[in-house]
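Hi,

Here is the structure I promised to pass on to you. Have a look at it first, and then read my notes below.

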Amino acid sequence: MSLHDQLRTVALAEFASAGYAATSLQRIADLAGTSKASVLYHFSSKEQLLAEIVDPVLDDLERLLIDDDGGAALRRADFVERFVDLLLTHSQVVPLVINQGATLDDVPVMHRATELMRRVAELFRLASGSTIEKLRFGVAFGGVAYTLAAAERLGLNGEIPIDEVRTALLEILHDLLVPADTLTA
């Protein structure tokens, strides 16, 4: 693994455990066994480092939203399946974005994440819906973020096959986000 990739890995773990605001470039350097100057050689700032970690996830989410036409419930069900796959693929970054995004909205990459999540909510017509619809959306995605962040504590890391986790997440999100009365036969 290159030093550039190692720094990203170390930074992601530290951002997730200590928080972005509490993590310094010096701390990342120390954990990676290198100097702060070396970190700055690879990344001009902590903000750029965060962007390099989060942007690929947001790029994938944006492509998913562009591919979706916001159509019928059957289309929503398809979106939920592709969305769960995206979440599982990026399971280390998702909790970081969801858990810290609101407090880091002044950081461009996190502002972008917030805007994309608003688009996901609009897809399900939950952002402008009733209080219960807004809460349903928040519980659904907050629950997924918590589950991914606490996977080890919940016994989901390696103890349960990923296919079983995927199936369960699909069922739960489908129940929360694709109401039965909107399904077509």
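Which helices each supply at least two residues of the lining of the largest pocket? They are helix H1 (3-18), helix H4 (46-67), H5, helix H6 (93-100), helix H8 (131-149) and helix H9 (162-177). Please keep in mind that this is a predicted model.

H1 gives the most to that lining, with 6 residues. The largest pocket holds about 700 Å³ of space and has 31 lining residues, with Leu 12, Ser 91, Gln 92, Val 93 and Leu 148 nearest its centre. By class, its lining has 17 nonpolar, 11 polar and 3 charged residues.

The second largest pocket has about 330 Å³ of space. It is lined by 13 residues, and those closest to its centre are Ile 98, Ala 113, Thr 114, Met 117 and Phe 137. Here H6, helix H7 (108-123) and H8 each supply at least two lining residues, and H7 has the largest share, with 5. This lining divides into 8 nonpolar, 4 polar and 1 charged residues.

Now for the aromatic rings. The count comes to 2 aromatic pairs. One of them is Phe 79 with Phe 83, which are stacked at 5.7 Å centre to centre, with 15° between the planes. These two residues are about one helical turn apart, because they are separated by 4 residues in helix H5 (residues 73-89). Phe 79 is buried, at 0% relative accessible area, and Phe 83 is buried too, at 3%.

Finally, look at Tyr 20: Lys 46 lies over the face of its ring, 4.4 Å from the ring centre.

Enjoy exploring!

Methods. Residues are numbered from 1 along each chain as its sequence is written. This is a predicted model: local features need pLDDT of at least 70, side-chain atom pairs count only at pLDDT 80 or more; totals for chains, interfaces and linings use all residues. Side-chain values use heavy atoms; hydrogens and water are left out. Rings of Phe, Tyr and Trp (its six-membered ring) pair if their centres lie within 6.5 Å; planes under 30 degrees apart count as stacked, over 60 as edge-to-face and the rest as tilted. Buried means under 20% relative accessible area, exposed over 50%, partly exposed in between (1.4 Å probe, protein chains only). A charge sits over a ring if NZ of Lys or CZ of Arg is within 6 Å of the ring centre and within 35 degrees of the ring normal. On a 1 Å grid over the protein atoms alone, a cavity is a set of points where a 1.4 Å probe fits but cannot get out, and a pocket is an open set with protein on both sides within 12 Å along at least five of seven lines; lining residues have an atom within 4 Å of a point. Grid points are joined across faces, edges and corners, and a volume is the space filled by probe spheres set on the points. Ala, Val, Leu, Ile, Met, Phe, Trp, Tyr, Cys and Pro count as nonpolar, Asp, Glu, Lys and Arg as charged, and the others, Gly among them, as polar.
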